[in-house]
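This report describes the fold of one chain and its contact with a partner chain. Please examine the sequence and the model before reading on.

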Amino acid sequence: MSTDTHDKSGHHITPLNIYLGIGLTLLVLTAVTITVSFVDLGGWNVVVALIIASIKGSLVALFFMHLLYDKKIYSIVFSMGLLFLSIFIALTMFDTLRRGDIDIIKSEPINKEASIYENMPVPDTTAEHNTDGH
Amino acid sequence: MDHSQNRPAYLQHHFSDVTQQAESAKLGMWVFLLTEILLFGGLFVAYSIFRSWNPEMFYNAHKYLDVTLGSINTVVLITSSVTMALAIRSMQLGQKQKTLALLWSTLILASVFLVIKYFEYSHKFHLGQLPGKYYTFTGVEGNNPHIFFSIYFVMTGLHGIHVLVGMAVITWMIIKTSRNKFSSEYYTPLELTGLYWHLVDLIWIYLFPLLYLIG
């Protein structure tokens, strides 16, 4: 990046063409993600949408938010946010997606005990009917 | 203070030099943006839970969002991010009039975004696709479609509030720029406004496919 210019306080000035090029790329990727959403890829639709969104997001963060040229500490702070957000989502999903499963495991010994009911005689409902009738 | 002669007016007395001041301000802004990610993060978690529990309903309900208006708003917001970045670049080059023109463009694009959002919202209000217990629409197949619209309104609503706050800050920056508060040596507030505005764009980049483009 030896051709890049710097301002009087020594800050990096991103060339105009890079800003316009990134903007254009973001618009093209928007068109791609809209088009792909109308193609049925089953469960892959959401994966593709998130990958494209992440590419767009990275371009915004690296060039518009200047992370590529700035001190690395800002990238670290930003990545920490994303890291903890992914922990937040992943651990919550472990719970909410598996709630039904743990019930099956827990209910197994209960069902074993409950099998004695299968050998019990069926209650006589006709007798009950007779008492009601009187 | 006897050392004040060598210090520019924009340098606060508790910083030893201009670089330290600029870097501290930027670090503070990034920490704030981190809390913003976590604020929206809670909503993205809620989205993940309810979508994973009701994939069919989410698919059916999302068809009632207008992809054309959503796409136009995406283009509007990306363009506003470009004008914001260029506004800062112009100030780095000391071009005040260009900076002002680009800040105004950003402000106008932001208001276009909110006007489109207003039309989307009022259409949904009209149909009764309201959040929670106010939901009266009967057209969506699947269980509890009001959940989708609750998430839609809270996520886009919080994002809309951020656009509104961004517009207020950009207006403030227009005033400061026209009063010659910034130069090619000092434009930190402009830079921080830019960071905030790009984050608002960044969040929309995820909201758009997750709400409008469920495949």
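Which residues in H1(B) meet which residues in H5(B)? In this predicted model, B:Phe40, B:Leu43, B:Ala46, B:Tyr47 and B:Phe50 in H1(B) face B:Ile147, B:Ile151, B:Val154, B:Met155 and B:Leu158 in H5(B). This contact contains ten nonpolar residues, no polar residues and no charged residues.

Helix H1 of chain B covers residues 18–53 and helix H5 of chain B covers residues 146–178; they pack at an angle of about 160°, and their axes are 11 Å apart. Angles over 145 degrees count as roughly antiparallel, and therefore H1(B) is roughly antiparallel to H5(B). Their crossing is left-handed.

The two helices belong to a chain with six helices and zero strands, in the pattern α-α-α-α-α-α along the sequence. The C-alpha atoms of chain B fill a box of roughly 75 × 30 × 25 Å along the principal axes. Chain B has 215 residues, of which 37% count as buried. Among its contacts with a separation of 6 or more, 76% join residues 24 or more positions apart.

Chain B also touches chain A, in a contact that takes 42 residues from chain A and 39 residues from chain B. On the chain A side, helices H1 (16–37), H2 (44–64) and H3 (72–96) each supply at least two residues. H3(A) gives the largest share, 14 residues. The table sorts the chain A side by class.

| Class, side of chain A that touches chain B | Count |
|---|---|
| Nonpolar | 25 residues |
| Polar | twelve residues |

Definitions and conventions. Residues are numbered from 1 along each chain as its sequence is written. Chains are lettered from A and ligands numbered from 1 in the order in which they are written. This is a predicted model: local features need pLDDT of at least 70, side-chain atom pairs count only at pLDDT 80 or more; totals for chains, interfaces and linings use all residues. Two residues are in contact if their C-beta atoms, placed from the backbone, lie within 7 Å. Helices (H or I, at least four residues) and strands (E, at least two) are DSSP runs, numbered from the N terminus. Ala, Val, Leu, Ile, Met, Phe, Trp, Tyr, Cys and Pro count as nonpolar, Asp, Glu, Lys and Arg as charged, and the others, Gly among them, as polar. A residue is buried if 20 or more other C-beta atoms lie within 10 Å of its own, exposed if 12 or fewer, and partly exposed in between; C-beta atoms are placed from the backbone. Axes are lines fitted to C-alpha atoms, for helices over the stretch in contact, and angles run from 0 to 180 degrees between N-to-C directions. Angles under 35 degrees count as roughly parallel, over 145 as roughly antiparallel, 65 to 115 as roughly perpendicular and the rest as oblique. A crossing is left-handed if the near helix is turned anticlockwise from the far one by less than a right angle, and right-handed if clockwise.
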